[in-house]
Amino acid sequence: MASFQQAQTMVFAIDEINKNPNMLPNITLGYHLYDNCVMLGMAFRAAISLVSGTEESFSNLNCTGPPPVIGIVGDSNSTPSIAISSVLGLFRVPIVSYFATCSCLSNRKKYPSFFRTIPSDTFQVRAMIKILKHFGWTWVGLVYSDDDYGNHAAQSFLQDVQVFGGCVDFSEILPLDNNRKDIQHAVGVIKASTARVVVVFSTSTYLLPLMDEVVLQNVTDRQWIASEAWATSPVFHTQRLLPFLGGTLGIAIRRGEIQGLHEFLLHLRPNNDQRNNMVRIFWENMFKCRFNIGGRGEKTCSGQEDLSNTDTAYTDVSELRASYNVYKTVYALAHALHDLMRCEEGRGPFSGNSCADITNLQPWQKVNFTTDFGDHVSFDENGDALAIYDVMNWQPSSDGSIVVRTVGVVNEGAATGKVLTLDEEALYWNFETKKPPRSVCSESCSPGTRRARRKGLPVCCFDCLPCADGEISNTTDANECTICTDDFWSNPDKDRCIPKEEDFLSYEDPLGISLTTASLLGTFFCALVMAIFAHHRNTPIVRANNSELSFLLLLSLKLCFLCVLLFIGRPQLWTCQLRHAVFGISFVLCISSILVKTMVVIAVFKSSRPEGKGAMKWFGTAQQRSTVMVLTALQVAICIVWLSNASPTPHKNSQYVSSKIVYECAIGSVAGFAVLLGYIGFLAAVSFLLAFLARNLPDHFNEAKFITFSMLIFCAVWIAFVPAYVSSPGKYAVAVEIFAILASSFGLLLAIFAPKCYIILLHPEKNTKKNIMGRETQKK
């Protein structure tokens, strides 16, 4: 019934054109109608008959001039269209199909004279991909018929679905012979698959046996996606199939309206023309009667039966899709011929503004017009029409069957740029949740993770692995994690980069507080000892061994304690430059004072003996002061050279802990730092050696023993410092250096000054010259 409606729509369009005085004036269009009987051979023979004529004799043996027909409308199927176009293309006879969608027909080299008013499967596949992408369906099944339409559509779909990022779980072919075992196998695969969405490219003829098996095996909970070949097919709109096919989404060719078609269809009447038996066959099937009674009990057809009392696909013009395409096809041929007839040389559409030759028709005439319904009709360079589809949804009707409703549009030429438009409120979902199903092989990977493909499975099947430390992913389903830049690190959720934690020995740090407290205590003790010595500056124990050196030593120890503060806090350029310079100069001042004191002890001892009475003459107060200044000046010179050539600078270090920026002072020159420490070590070694040699001097010269002990502590601390400093990372290296400074400073302070303070404060009776000289007398 639907096919006969399409044929009558062509007749209506030709009749309408012939009555239009503005279209092809003085020219009347005629037509031949052939039924292909859904057979390739029949369709091919009909097409050859149209272009070669049906007369038994020829008046022009040269076979020149135009063919009997200037164009062919049809065929509706892709396979016959391929066969017909392969032959008619050799003679440049235009064939315009209204329903053949195979993408292969867009090949202008193989089918140069083929056109169509329906979009090719390339556009149909893209439209279906848009729907899959809209609902996030990346895990789908594919079923297609084993013909040109199904094979080419499936091939295009498999290519485009990968570009979209989706995957096909299974791909099943519908047998053309409806083999029961093959169909059962296909339904078993559908039932076992985890894909909830099934895409089908097939005509209703090959699909119906599959749906019967779906009912037998009770395969529910599937979302079907229908191609335009069966998206509006009424054979599936039954109560039996509603539980299985309800909610189906389909792509349908654009619906149109044709004014006057319904009345034209109702006024059809059969005649006695034996060459046109189509109407008689239609009439007998419509009213269940016969024109020529051949048996008893058969109803006779009068030819006056009323078509308005029938309700079939023939009289239904509410959903004109294929018929509307037929209407556009006829008008496309008519417009092409009309433009050819009125073309003026110099204003034509071809190269050089030329016109086509009416005596040598070629399928190159350009077409560009708009139907009364408002649809624009034109062909691209491949002979394809503009891609526009209706999105259909199969919904339950009041009687429990299926009704197809338009719920959206796919328009690749939309002016807004929005290709897919859906009325989601109008959609019906045949699931318990009444919501779109989830059809994915693996759930999406959240930000902070990346996809890792499962071995042996499609790309849609993956595991979500957390990003490594220092890497992030801030999008869903990221394939790779992004490495944070140098000054940034990943947050705990690994979805954004945050500034790295800054690590240095600060005053708020417990370790920094402890070391600062120790530094201030040391400074306080030095000040306290200095105050005690100043208060008792005239006592023998203070005046012994040059009190000026004692005060200078206390001052240098105070500087040693205070230089620790330069090592704490965020490194700045000035603190980096000063910390080692102040440390080096302070310790050289300290060690050189101790060295001179040791030398004074030895000189005083020698001057007490007859053979060395002139020793102190060469080592008086001025010489002691000068020696300390010269030794200290050498360290100052070392520091100046070091800071001038390779000054220490603040440095960001991420090698210790990748998630932190360790602020430290780069020493600039290893050689400069080594010379600074080496010079201190040299002075300490000399002091220790001299004090060690003077350790057995008489009791009242026993300060050498304390100096020896203090130098022993100093050397032990700094010898242990080197490996500890090298092996300590970041701020702990600074803490090791501070600890060495404090330990050696406290060692010097306690070893040298604690015994004297003990006598001054707790045993003042021993702090007399007589007592000191008395011990000397007793020894003698």
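Visitor: Which residues is F714 in contact with, leaving aside its neighbours within four places in sequence?
Guide: This is a predicted model. In it, F714 is in contact with F587, I591, I680, A684, S744 and L748, once neighbours within four places in sequence are set aside.

Visitor: And where does F714 sit, and is it buried or exposed?
Guide: F714 belongs to helix 18, which covers residues 703-727. Its relative accessible area is 2%, and because buried means under 20%, F714 counts as buried.

Visitor: How far is F714 from T627?
Guide: The C-alpha atoms of the two residues are 21 Å apart in space, and 87 residues separate F714 and T627 in sequence.

Visitor: I680 and A684 were among those contacts. Which residues of helix 17 are buried?
Guide: I680 and A684 are both on that list, together with G672, F673, L676, Y679, L683, S687 and A691. As a general point, an α-helix has 3.6 residues a turn, so residues three or four places apart point the same way.

Visitor: What is the span of helix 17?
Guide: Helix 17 takes in residues 670-693, which is 24 residues. From first C-alpha to last it reaches 34 Å, close to the 34 Å expected at 1.5 Å a residue.

Visitor: Let us change topic to helix packing. At what angle do helix 4 and helix 5 pack?
Guide: Helix 4 (residues 121-135) and helix 5 (residues 148-164) pack at about 45°, and their axes are 9 Å apart. The two helices are therefore oblique to each other. Their crossing is right-handed.

Visitor: Which residues make that contact?
Guide: Helix 4 contributes D121, T122, Q124, V125, R126, I129, L132 and K133. From helix 5 come Y149, A153, S156, F157, D160, V161 and F164. By class, the contact of helix 4 with helix 5 has eight nonpolar, three polar and four charged residues.

Visitor: How do helix 6 and helix 7 cross?
Guide: The axes of helix 6 (residues 180-192) and helix 7 (residues 204-216) come within 9 Å and cross at roughly 60°. That angle makes helix 6 oblique to helix 7. Helix 6 passes helix 7 in a right-handed crossing.

Visitor: What residues are involved there, and of which classes?
Guide: On helix 6 they are R180, I183, Q184, A186 and V187, and on helix 7 they are P209, L210, E213, V214 and L216. Seven residues of this contact between helix 6 and helix 7 are nonpolar, one is polar and two are charged.

Note on methods: Residues are numbered from 1 along each chain as its sequence is written. This is a predicted model: local features need pLDDT of at least 70, side-chain atom pairs count only at pLDDT 80 or more; totals for chains, interfaces and linings use all residues. Side-chain values use heavy atoms; hydrogens and water are left out. Axes are lines fitted to C-alpha atoms, for helices over the stretch in contact, and angles run from 0 to 180 degrees between N-to-C directions. Helices (H or I, at least four residues) and strands (E, at least two) are DSSP runs, numbered from the N terminus. Angles under 35 degrees count as roughly parallel, over 145 as roughly antiparallel, 65 to 115 as roughly perpendicular and the rest as oblique. A crossing is left-handed if the near helix is turned anticlockwise from the far one by less than a right angle, and right-handed if clockwise. Contact means heavy atoms within 4.5 Å. Ala, Val, Leu, Ile, Met, Phe, Trp, Tyr, Cys and Pro count as nonpolar, Asp, Glu, Lys and Arg as charged, and the others, Gly among them, as polar. The expected span of a helix is 1.5 Å times one less than its number of residues. Buried means under 20% relative accessible area, exposed over 50%, partly exposed in between (1.4 Å probe, protein chains only).
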